[in-house]
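Morning, everyone. Please have the sequence and the model up while I talk. I'll start with the charged pairs.

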Amino acid sequence: MPDAATMTYAPNEIMTIEAARRLKNGTVCFVGIGMPSAAANLARLTHAPEVVLIYESGTIGAKPDILPLSIGDGELAEHADTVVSIPEIFRYWLQGGRVDVGFLGAAQIDRFGNINTTVIGDYQRPKVRLPGAGGAPEIATSCGEVFIMLRHGKRALVGRLDFISSVGFLTGGDARGRLGLGGRGPTRIITDLGILEPDPVSREFTLTTLHPGTDVDRDLAAAAITRR
């Protein structure tokens, strides 16, 4: 097996692999489109064949032959165990506490795992209008735990969000619990440099695992991230 110095992979590939490894067999997983979908299906096709993949459009037990282009892709319904209404997905499955893991992407994230997928800049006059949150706010508040995937960088991991689309630990500490939100919240942020996890007390995310081949001084300085 080649050592880290000779290994070559694209950033999205290592993120997908590392995320897939953390999805256990038999888990009920609510999947976001993009890299979360690639990671969840990689797990299904390798070590977790009994994982139950749920998509926002109402497909339960999805087993796509090719990666879906959107939550409404007919490929998801083609081989799913069943297809139900969107209200049932949210009311019965999510709000009912029947989903173990939510897999989300993000445009921006702060040190407490709060996600922005709405705007960059002032809401009324944004610099960038992002795609929006969709069902992510419900996933972030109702799943047993949440995995988040995004590329590392100063614009993606920020000290303060311009807009909170989906909550993580809010201002840290027990802020999430004081609002009565279910689940453990975000437990991992998976980037192209490594994996971040929340401090058990402050709930601030720090880098706990580096991917093979990552240059600590160069890459962490470029990303301006704290390492535990």
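Some ground rules. This is a predicted model, where local features need pLDDT of at least 70 and side-chain atom pairs count only at pLDDT 80 or more, while totals for chains, interfaces and linings use all residues. Residues are numbered from 1 along each chain as its sequence is written, and side-chain values use heavy atoms, with hydrogens and water left out.

R22 and E18 meet at 2.8 Å, N to O. E18 is buried, at 8% relative accessible area. R22 is partly exposed, at 25%. Buried means under 20%, exposed over 50%, partly exposed in between, with a 1.4 Å probe and protein chains only.

E18 is also one of the buried residues of helix 1, residues 11-21. Helices (H or I, at least four residues) and strands (E, at least two) are DSSP runs, numbered from the N terminus.

In total, the structure holds eight salt bridges. Another one joins R111 and E204, with the closest N and O atoms 3.5 Å apart. R111 sits in the loop between strands 6 and 7, and E204 in the loop between strands 13 and 14, so the pair ties together parts 93 residues apart in sequence. R111 is partly exposed at 40%. E204 is partly exposed too, at 27%.

Last pair: D174 and R178 meet at 2.3 Å, N to O. R178 is exposed, at 60%.

Technical notes: A salt bridge is a side-chain nitrogen of Lys or Arg within 4 Å of a carboxyl oxygen of Asp or Glu.
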